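Please keep the sequence and the model at hand while working through the numbered points.

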Amino acid sequence: MNDKQKVALITGITGQDGAYLAELLLEKGYKVHGIKRRSSLFNTDRIDHLYEDPHTQDPQLILHFGDMTDSMNLTRIIQETQPDEIYNLAAMSHVKVSFDTPEYTANADGIGTLRILEAIRFLGLEKKTRVYQASTSELYGLVQAVPQTETTPFYPRSPYAVAKMYAYWITVNYREAYNIFACNGILFNHESPLRGETFVTRKITRAASKIALGLQDCLYLGNLDSKRDWGHAKDYVRMMWMILQADEAEDWVIATGVTTTVREFVRMAFSYVGFDLRFEGEGVYELGILDGIDQEKYIQATGQVPNTQQLEMIGKPLIHVDPAYFRPTEVDLLIGDATKAREKLGWTPDYDLNDLVYDMMQSDVALFLRDLYLKEGGHKILIQAE
Ligand code: NDP
Ligand code: GDR
C-alpha cells in the first residue's frame, strides 16, 4: 500500500451524495471507508458499481456496519480506519418525515454529528482528521434575507432543520474549542438521477417518465409555489472535497443562485417528453392539464410514437394537489449566493437547471422503458426462449 495514500471515511455512503463522493474520492486515489446501516434488504444499489470483494487484496472501498445513533460503533470505526478526512453525510434527510420522527431525527442528525466530533477528540485525532459536515439551506427556513449567504441569520422551520442547526453549531464550536479542521458546507438542494424517490424532483421525473410511457395515470404533489435553488449533486460533492483541501477551516454556501418553483420544475420535466402542461385553478384545486404533445420531442425522448392511450390524455389533468404533502411549516424561498466559494476556492457548477432536468429525465425514461419492455414483451420473450 502507498504510505501517502489518503484515507477518507464517509457516513451516509449509500445515499445520493455518498455514492457520488465515493466515486470522486476513489478516482482521486483515496482509500474510502463507508458506513452503511444494516437493513433487511440490500441497500447498496447506488455504490454497487464501486464495490470490491473484501477478499481481494487491498480493496480500496471498504464498508462497515454502523449507525449515527451508536457512539461506540462510530468511535471504533474511526479508531480502526484513522481517517484523514471524514465526510459526515449520514442523516434522516427528509424534511416532511422529520415532523413524524422528530426525536430520531434529532438523535441521528444532531447528536450524531457530536458523536463524530467527540470520537475525534477522544482518540486524539484533532490534528490529523478533517471533518466535513453536511449542513443545509434549510437552516435559513423563514426568509430573513435573499440571496442567502454565510452570514444570513438562521430560522429553521422543521425538526430536521433544527437538528441540523445543532450539528452546524457543534461543528463550529469544536473547530474553535479544539482546533479541529471542521467545516460546514451549507448546501442548497442538489439532485441527480440517484436522488431518493420521495424528494420532489425525483418524484416528478419518475412520474413524468411513467405517465409518458403509459405506466402511471397522474401525479399528486404538495406545495407547487415553493421555490428552490436546485443544483446537480455531482457539482456539489466536488465542492465538499474542495472545502477540506482549503488552507483554513471555514463554512461555505454552495448554490447556483437561480431559484425555480416546483410548478416550473414539473413543466420542464414533462416538456422533455413533449408533454405541454397548462396550470389552472388555485391552491388545493390547482390542476396541471395536458395541453398537447410535441410528437417530435416525444419520439426523441422515448424512441416511440405516441399511441392512442397517450393522445387521449390531451385535455385531462395529469397533476393534482394533495394537501397530505403540505408541511406544518414550509420554507417558501431558497436562493443562495456562493460568491465566497467561487472567489476563494474557484468553484463553479458545470450543470444548470436545464442540464439537471435533462440528466434526470434521460435516466428515468431509460429506467421505465425497461419496465415497459418487460411488461409488454418480457413474457413473450421468456416463452420464445423456452
Ligand atoms: P440521502 O437521504 O440520499 O442519504 C442519507 C444517507 O444517510 C443514506 O446513506 C442513509 O442510509 C444514511 N443514514 C440515514 N440515517 C442514518 C443513521 N441513523 N445512521 C447511519 N446512516 C444513516 O441524502 P443525500 O445524499 O441527499 O444528502 C447527504 C447529506 O447532505 C444529508 O445529511 C442531508 O441532510 C444533507 N443535505 C442534502 C442536500 C440535498 O439537496 N441532497 C442539501 C443539503 C444538505 P440508508 O441508505 O440506509 O437510508
Ligand atoms: P427539501 O426537498 O424539503 O427542500 O429538502 P423536497 O424535494 O422534499 O421538497 C422541496 C419542496 O417541494 C415541495 N413539494 C414536495 N416535496 C416532496 N418531497 N413531495 C411532494 O409531493 C411535494 N410537493 C411539493 C416541498 O413542500 C418543498 O417546498 C431537501 C433535502 O434533501 C434536505 O435533506 C436538504 O437539507 C434540503 O433539500 C436542502
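1. Strand β5 gives the largest share of the shell around ligand 1, namely 3 residues. At least two shell residues each come from α1 (16–27), α4 (102–122), β5 (130–136) and α5 (159–178).

2. On the basis of the note: this is a predicted model, in which local features need pLDDT of at least 70 and side-chain atom pairs count only at pLDDT 80 or more, while totals for chains, interfaces and linings use all residues. Residues are numbered from 1 along each chain as its sequence is written, chains are lettered from A and ligands numbered from 1 in the order in which they are written, and side-chain values use heavy atoms, with hydrogens and water left out.

3. The surroundings of ligand 1 comprise 25 residues, the closest being Thr 14, Arg 37, Ser 93, Tyr 104 and Tyr 160; a residue is near a molecule if one of its heavy atoms lies within 4 Å of it. By class, 10 are nonpolar, 10 polar and 5 charged. Here Ala, Val, Leu, Ile, Met, Phe, Trp, Tyr, Cys and Pro count as nonpolar, Asp, Glu, Lys and Arg as charged, and the others, Gly among them, as polar.

4. Which backbone atom lies 2.9 Å from a nitrogen atom of ligand 1? It is a polar backbone atom of Met 68. An oxygen atom of ligand 1 is 2.8 Å from a polar backbone atom of His 190. The protein covers 89% of the 900 Å² of accessible area that ligand 1 has on its own (Shrake-Rupley method, 1.4 Å probe).

5. The structure holds 19 salt bridges, each a side-chain nitrogen of Lys or Arg within 4 Å of a carboxyl oxygen of Asp or Glu. In one of them, Arg 76 pairs with Glu 80, with 3.4 Å between the closest N and O atoms. Both residues belong to helix α2 (residues 71–81), 4 residues apart, about one turn of the helix.

6. Another salt bridge joins Arg 228 to Glu 138 at 3.8 Å between the closest N and O atoms. This pair links distant parts of the chain, 90 residues apart: strand β9 (residues 227–228) and the loop between β5 and α5. Arg 228 is buried because its relative accessibility is 6%, and Glu 138 is buried at 7% (buried means under 20% relative accessible area, 1.4 Å probe, protein chains only). Glu 138, Arg 228 and Glu 330 form a network of salt bridges.

Methods: Polar contact = N/O pair within 3.5 Å; in protein donor to acceptor, adjacent residues only side chain to side chain. Buried < 20%, exposed > 50% of the residue type's maximum accessible area, 1.4 Å probe, protein only.
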